[in-house]
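This briefing is for a reader new to the structure shown below.

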Amino acid sequence: MMDFFTLEYWDLGKITELVGFVSGLLCVWLAVKQNIWTFPLALISAAFYVVVFRDALLFADMGLQVMFALLNVYGWYLWLYKGGERAERPVTKTHTWQWVLLLVLVPCFTYGLGRYLDLTTPADVPYWDAATTGVSLAAQWLMSRKKLENWLLWLVVDIVYVPLYLYKELYLTAILYAVFIPLAWIGYRDWKKAMQPQKPAFEGAQV
């Protein structure tokens, strides 16, 4: 890890990781602040991390960045428009049916993707890669819909990501996800404070 502090360490791949690091850190900080500029910065970070994870043989994480890009475009729209009209989307809690959906889909996704990566790619940690990808997609989907509990999922998956990236010698990215851990808790705390009381309604009405 000491090579991190030498000029020889900073090849094109590491510079790509640095750009992804900076844009990723800024996009999460802006998400905590409920700032709409989180989305363009997330797109920049995703673009650079596609290259970083491809080179690290983390193929699920590479594909995750593509999905992140799509979900960020989706979230960008949802944060700006509500019911087809331009209006700020409020923070709300995740509904029971959404938790049930995620509890079914994430394990199935993890096994299916992990199996595929294990059989068809040179990935050395296929199921670890697939599991973090599945939970990250769930967290991003909830964030796109401005659901409070997205931060709890990010808190869990960020803790798991740190040793994965250290194992892959992606030291900057490991540092980034270590910083994400307290940011996820701050995001949960601040979004909870900003959350408006929800009126009793049919559970599926607000999606």
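**Briefing**

Arg54 is partly exposed, at a relative accessible area of 45% (buried means under 20%, exposed over 50%, partly exposed in between, with a 1.4 Å probe and protein chains only). The model is predicted: local features need pLDDT of at least 70, side-chain atom pairs count only at pLDDT 80 or more, and totals for chains, interfaces and linings use all residues. Residues are numbered from 1 along each chain as its sequence is written, and side-chain values use heavy atoms, with hydrogens and water left out.

**Salt bridges**

- The structure holds three salt bridges, each being a side-chain nitrogen of Lys or Arg within 4 Å of a carboxyl oxygen of Asp or Glu.
- Arg54 pairs with Asp55, their closest N and O atoms lying 3.0 Å apart.
- Between Lys168 and Asp124, the closest N and O atoms are 2.6 Å apart. Lys168 sits in the loop between α6 (150–167) and α7 (171–194) and Asp124 in the loop between α4 and α5 (126–144), so this pair ties together parts 44 residues apart in sequence.
- Lys168 is buried, with a relative accessible area of 15%, whereas Asp124 is partly exposed at 39%.
- Arg189 and Asp190 form a salt bridge through their side chains, at 3.0 Å from N to O; Arg189 is partly exposed, at 40% relative accessible area.

**Helix α3**

- Helix α3 (residues 59–80) has 22 residues and reaches 32 Å from first to last C-alpha, close to the 32 Å expected at 1.5 Å a residue (1.5 Å times one less than the number of residues).
- Buried residues in α3 include Ala60, Leu64, Phe68, Leu71, Leu78 and Trp79.

**Surface patch**

- Trp97, Val100, Leu101, Val104 and Leu105 make up a nonpolar surface patch, with about 430 Å² of accessible area together.
- Leu105 belongs to helix α4 (residues 96–120) and is partly exposed, at 47% relative accessible area.
- Patches are made of residues with over 30% relative accessible area and no salt bridge: like charges are joined within 9 Å, nonpolar side chains (Val, Leu, Ile, Met, Phe, Trp, Tyr) within 5 Å.

**Whole chain**

- The protein chain has seven helices and two strands, in the order α-α-α-β-β-α-α-α-α along the sequence. Helices (H or I, at least four residues) and strands (E, at least two) are DSSP runs, numbered from the N terminus.
- Of its 207 residues, 45% count as buried.

Key:
Areas by Shrake-Rupley, 256 points an atom, 1.4 Å probe, with all protein chains shown as cover.
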